Amino acid sequence: MTINEMNFAGKKAIVRVDFNVPLDENGKITDDTRIRGALPTLKKILADGGAVIIMSHMGKPKGKVNPKMSLGQIREAVEKALGVPVAFAPDCAKAKEQAEALKMGEALLLENLRFYPEEEGKPVGIDKEDPAYDDAKKEMKSRQKDFAKTLASYADVYVMDAFGTAHRKHASTAVIADYFDQDHKMLGLLMEKEVTAVDNILKDIKRPFTAIMGGSKVSTKIGIIENLLGKVDNLILCGGMTFTFAKAQGGEIGSSIVELDKLDVALDVMKKAKENGVNLVLGTDCIAADKFANDANTQVCPSNAIPEGWQGLDAGPETRKAFAKAIENAKTILWNGPAGVFEFDNFIGGSKAIADAIAKATADGAFSLIGGGDSVACINKFGMADKVSYISTGGGALLEAIEGKVLPGVAAIKGE
């Protein structure tokens with residue numbers, strides 16, 4: 001059953017969304033992208049004449065109540081965005097009465113799911129090396145099922161619309177689906193779009209295919225890099241990982257970020273790229289700074305010849321040209337991770353060059369997928385969200401999907 005085939009009239013739907021939005025020190029939302037992303041699904045249910053029970057996590061409270069991560073802080077914003085009254089259940093596991101009292105056309109927002117350790121299903125307060133860990137894990141899995149069953153009891157239909165958590169087998173993202181038959185569980189509209197976008201990248205590749213992987217560490221991206229080496233025509237590796245590659249080739253990188261235990265991995269990536277006929281684009285020059293700050297003194301220097309005491313914080317002018325060349329003629333583009341410390345306005349040039357090239361290629365007919373929190377933040381910072389094909393709400397989920405892994409949150413619905 002797809003969500004568009006379902007008529008929610010007279011039904012209560014419990015919807016797993018990703019409302020893990022950033023808040024300032026006063027608890028005010030600084031970026032409501034995720035809330036806006038969930039609106040089509042929630043509004044479809046309400047427009048059909050159904051009622052919605054909204055559930056999400058926020059932050060990492062590790063199974064304990066933390067007022068700074070309470071979803072109560074965003075209730076008013078959700079209500080305003082949805083356009084109907086939104087009630088709040090201060091305890092997600094004890095919301096039976098509120099769920100039963102919910103009338104059609106109304107909405108109920110549950111408190112942070114991760115205030116309960118059962119949501120993530122990991123034993124709390126016991127080390128993995130402890131002999132009792134396996135028993136504790138088994139007991140927690142049983143409690144997780146009970147927790148999921150409680151959540152399921154609130155509604156007639158389950159809708160999974162949180163792509164950002166689809167790679168986790170949590171109570172609300174996968175286990176809960178066991179308590180609904182195939183006709184009463186489905187992906188939400190946002191999830192459907194996310195899955196289609198990933199399929200466009202992996203199964204319907206228009207060539208040339210250029211992938212841009214940024215970020216500070218090779219270690220966090222190695223799985224996806226290796227997977228992409230068998231799929232892409234051009235692979236741009238940028239950001240902090242530039243200097244692990246420079247160091248691996250014997251370069252001098254000053255005090256730039258580096259993973260000394262991953263030098264062999266970097267050389268192996270270069271070797272595999274050559275074997276697969278992939279054009280691997282690495283930074284040849286950088287904007288180096290004398291300190292990690294926006295107001296640092298800067299100089300342009302080769303990425304493999306950075307003076308002692310200086311650190312590379314952005315891609316240099318020649319590197320930006322090389323990036324643009326590999327992007328502008330592409331027909332499929334994936335971008336995950338910035339080219340520099342984009343949080344500092346003086347070091348956004350590399351990321352902006354990538355964004356500009358992607359926008360140009362997209363205008364020329366390329367399919368461009370932007371994923372991962374920092375890349376999305378870049379595109380939004382530059383005001384270019386409407387210049388790319390698709391912006392994914394999922395960071396880890398997107399990377400695991402592109403790595404070719406089955407996402408539990410999708411498999412639970414599709415019965416895979």
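Predicted model: local features only at pLDDT ≥ 70, side-chain atom pairs only at ≥ 80, totals over all residues.
Residues are numbered from 1 along each chain as its sequence is written, and side-chain values use heavy atoms, with hydrogens and water left out.

**Strand S7 and its neighbours**

- Five of the five residues of S7 (residues 209-213) are buried, so the strand is largely enclosed by the rest of the structure; strands (E, at least two residues) and helices (H or I, at least four) are DSSP runs numbered from the N terminus.
- S7 pairs with strand S15 (residues 332-336) in the parallel sense over five bridges, pairing being at least two DSSP bridges between two strands.
- In that pairing, Met213 stands opposite Asn336 of S15.
- With strand S8 (residues 234-237), S7 pairs in the parallel sense over four bridges, and Ala211 stands opposite Leu235 there.
- S7, helix H7 (residues 222-228) and S8 make a right-handed β-α-β unit (clockwise from the first strand over the helix to the second, with the strands pointing away from the viewer).

**Aromatic contacts**

- The whole structure holds four aromatic pairs (Phe, Tyr or Trp rings, the six-membered one for Trp, with centres within 6.5 Å; planes under 30 degrees apart are stacked, over 60 edge-to-face, the rest tilted).
- One of them is the stacked pair of Tyr116 and Phe147, at 5.2 Å centre to centre and 25° between the planes.
- Tyr116 lies in the loop between strand S4 (107-110) and helix H4 (117-120) and Phe147 in helix H5 (residues 133-152), so this pair ties together parts 31 residues apart in sequence.
- Tyr116 is partly exposed at 22% relative accessibility, whereas Phe147 is buried at 6%.
- Phe292, Phe344 and Phe347 form one aromatic cluster.

**Largest pocket**

- The lining of the largest pocket comprises 48 residues, of which Asp18, Asn20, Arg34, Gly164 and Thr393 lie nearest its centre (a pocket is an open set of points on a 1 Å grid over the protein atoms alone, where a 1.4 Å probe fits, with protein on both sides within 12 Å along at least five of seven lines; lining residues have an atom within 4 Å of a point).
- Helix H1 supplies the largest share of this lining, five residues.

Technical notes. Buried < 20%, exposed > 50% of the residue type's maximum accessible area, 1.4 Å probe, protein only.
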